Amino acid sequence: MADIHSSNKNGREVLTVSGALTVKHAKALKAALLKAVQNAPAVEVDVDTVVDIDVTFAQLVCSAHRMAADLNKQMTITGIEQERLSLMLGRFGFFRHIGCNDSTMKSCLWAYCQKTS
Amino acid sequence: MNDENETFDLDVLREMFRSEAYDLLSELESALLALEASPGDKEIISRVFRALHTIKGSGGACGFEAIAHFAHEVESVYDAIRNDKMAVTREIINLTLAARDQIAALFDEAYKKMPAESEVTQQIIDRFKSVLPEGVAPKVKKPAEAVSAAEEPQETYRIRFRPARNIFLTGTDPQLLLDELRTFGTCRVVAQLDDIPSLEKLDPELCYIYWDVILTTSRGLNAIKDVFIFVQDTCELSIEPIDIEGVLSEEHGYKKLGEILVERGDLSPVDIQEIMSKQKRIGEILVENGLVNNDRVEAALTEQQHVRDLRKNRQKSEEITSIRVQSEKLDKLVDLVGELVTVQARLTQVATEGTSALLMSISEEVERLTAELRDNTMSIRMLPIGTIFNTFKRVVRDVSQNLGKSVDLVLRCADTELDKSVIEKLHDPLVHIIRNCIDHGIEMPDERVARNKPRKGTILLSSAQTGSQVHIRIEDDGAGMDLDAIRRKAVEKGMIPKDAEPSERELIALVMLPGFSTASKVTDVSGRGVGMDVVKQAIEALRGTIEITSRRGEGTAITMTLPLTLAIIDGFLTRIGDDHFVFPLSLVDECVELNAAQSEKMGDRDLLNVRGEIVPYIKLRHRFGIQGERPAIEQVVIAKVNDFRVGFVVDHVVGGHQTVIKNLGKMYKGVDGVSGATILGNGSVALILDVPKLIQTVEREESWS
């Protein structure tokens, strides 16, 4: 069960997501991300209370981040640094030193993920 | 091969595994204690897993099936932990330590024929099963599989896995396939993100990601293919070996980034040539030129790092080569070197007494070689004292937990080396002292806070070497000794008269007398009135000394001074009549002459004035009942024990002597003041004096008289 809640904080659109962000809820997350990135000047995705993620979550957030960068908008993610989530992202192979293209070069969301072997 | 030979081979294998088994248990224990302090540390979890895995694999290979299966059960729990399926808790640590002890008991049963309680194994397994979260099915291999896998060479593969876009809709999670690969060995995974479309076009239920995996495993190509068996018709999969242990690993480094990209087909050789002419970092240049994206570079760098690390580690393990030798063989070697030193002394004596220059020259050469052989042999037996220091961490943990106290053990200078036999005999006395420190010394946490001390007590265990002696110091920051209580107890027990005014040092020394304890209650840990006297005896049996200093409210420090070795020591040879006696040279402070007039001057009390200092002395001729005429001028060898100088009167001083220590045998076990014997160059026997014991005996006799 995932819950996506949207609010405004100092002009930033804050998407607070909780529960399990897996393929089951990927459509809902995409819709919320798309709306936020298209409409707000800055987007913050708060995953502090997320208990589970899968690859669909990671690729959605990546895509949203690229779109935000192309539109010259800022997108950040909070709560991702917690060990449980960062280890999962590391397992998916999402650790990075730099971003994947020119627009996200310096702001890659996965820079803090842990490499796991 | 017939049955008899198979049994023989297994016995040989078991014996070879013996010391490794105990090393593995020691590593397991220290890893568990480290894990308790940092429960989330992946590297330490891997250490625990590796130790259990090797016990399982090697134990199984040696025919210790019960041990292998037990280790397998425990390993399963750590497999779940390293895969983030459960967390490390205090209970898990306690259970694993109990499991470690049970494995040790099972090894003891096999090697030392000491019975182990077999039902404990099942009890521990049941308790482990009760803490495993529901649905956690460990994926580690059974012992027999583990053994065969361990024998195969490690290969490294480059895998690119591009699943079908609709993989999620078929109910398959690609992550589970990657997780399964991770159980095969060392694995690095890099997700490739360049196919992810813009958000508007992205169908969130499709998979746009593909993966580059570098895997080092001994499982073989077919096992890797089997992982993808259910998706192989719909996915793009390439698996290439890039490093094979012993075949493709001649170089210790690994390919350059450009070479990897060309090999992967991500870049053409022409492009790399052109780019190489520019003097920038290859990865930057390639990305700037749009030839590859950052993800490809990241994957190639990961591969490069993985194989370089692998080869570096392989090279490192090849460099540190050593062989395991049974300690009995080493003891025999030391005995033989001892004999050789004795024979060499005889040869030197004969050569010195004779007139042959050739014999003299040969004798000198033999003397030089013998000394070198002796030093080298003795150095083989030397072990860093840290080998026992580390085992005390467990003692501190268990005892402090038992007493509800919080105590840190700090080890310092654990690399000081001591003879193996001394180290073995030090274990029990040190355990006793540490238990005492926690029980009597360190206060309860609340009490410490009330006294403005850190809540956690500290025991500092350190060692240092000076000359041929090693000093071991155990220091705590606890309550210190209550000298008034010691005094009251001593009076109560009749150890000192009511009106006696003993010095602080004398009071503390009472603690080491048999039957002395000030503890108001007897605990499982200490306070039964046996212990410090036994500790003192054990240290003295090692020809060492023990000294205690204490400051009320601040703590207690116990210093042990021990000889580096028990096999050959630097001695100081003396003679009384026709008999020879050896003093340990480390205790000898100086020699002075004693003429008849001087000794008479002091009357009945055997005291000597040495440059204004009054030094008590013991007449060894009288002590050992040696008949015959005393020389007009006798010699006094002044020894220093715990900063206390005592003289020993002998007829003549011969000088320094390499002393090979021989036991006196059971018949002379009870003889006070003599700790062993040695054979001199002329074949006669000299007694080695136990100086501290001699002083104690005389002190006791004087106090009785």
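1. What share of the contacts in chain A with a separation of 6 or more comes from residues 24 or more positions apart? The figure is 69%. Keep in mind as you read that this is a predicted model. Chain A has 117 residues, and 57% of them are buried.

2. Now for the layout of chain A. You can count 3 helices and 4 strands there. Starting at the N terminus, their order is β-β-α-β-α-β-α.

3. Have a look at A:Asn10 next. This residue sits in the loop between strand E1 (2-9) and strand E2 (12-21) of chain A. For background, most residues other than glycine have a negative phi. Is A:Asn10 buried or exposed? With a relative accessible area of 75%, A:Asn10 is exposed, because the cut-off for that label is over 50%.

4. You'll find B:Arg611 in the loop between strand E15 (607-610) and strand E16 (613-619) of chain B. B:Arg611 has a relative accessible area of 68%, so it counts as exposed.

5. Here is a spot involving both chains. Helix H3 (residues 83-92) of chain A and helix H7 (residues 174-182) of chain B have axes that come within 10 Å and cross at roughly 85°. H3(A) and H7(B) are therefore roughly perpendicular to each other. Which residues make the contact? From H3(A) they are A:Gly90, A:Arg91 and A:Phe92, and from H7(B) they are B:Gln175, B:Asp179 and B:Arg182. Sorted by type, the residues of this contact are 1 nonpolar, 2 polar and 3 charged.

6. On to the aromatic rings. Over all chains, the whole structure holds 8 aromatic pairs. One of them joins B:Phe161 and B:Trp211, with 6.2 Å from centre to centre and 20° between the planes. Why is this pair called stacked? Planes under 30 degrees apart get that label, so 20° qualifies. The pair links distant parts of the chain, since B:Phe161 belongs to strand E1 (residues 155-162) of chain B and B:Trp211 to strand E3 (residues 210-217) of chain B, 50 residues apart. Both B:Phe161 and B:Trp211 are buried. Elsewhere in chain B, ring pairs link B:Tyr22, B:Phe64 and B:Phe107 into a cluster.

7. Rings also turn up with charged partners. The charged end of B:Arg82 sits over the ring of B:Phe49, 3.7 Å from the ring's centre. Likewise, B:Arg162 lies over the face of B:Tyr210, and here the distance to the ring centre is 3.8 Å.

8. B:Ser327 is in helix H13 (residues 327-353) of chain B, and its 28% relative accessibility makes it partly exposed. B:Ser327 and B:Arg381 are 54 residues apart in sequence, while their C-alpha atoms are 8.7 Å apart in space. B:Lys129 is in helix H5 (residues 118-131) of chain B, and it is partly exposed too, at 49% relative accessible area.

Technical notes. Residues numbered from 1 in each chain as written. Chains lettered and ligands numbered in written order. Predicted model: local features only at pLDDT ≥ 70, side-chain atom pairs only at ≥ 80, totals over all residues. Heavy atoms only, no water. Axes fitted to C-alpha atoms, helices over the stretch in contact; angles between N-to-C directions. Helix = DSSP H or I, 4+ residues; strand = E, 2+ residues; numbered from the N terminus. Parallel < 35°, antiparallel > 145°, perpendicular 65-115°, else oblique. Contact = heavy atoms within 4.5 Å. Nonpolar A, V, L, I, M, F, W, Y, C, P; charged D, E, K, R; others polar. Phe/Tyr/Trp six-rings, centres within 6.5 Å; stacked < 30°, edge-to-face > 60°. Buried < 20%, exposed > 50% of the residue type's maximum accessible area, 1.4 Å probe, protein only. Lys NZ or Arg CZ within 6 Å of the ring centre and 35° of its normal.
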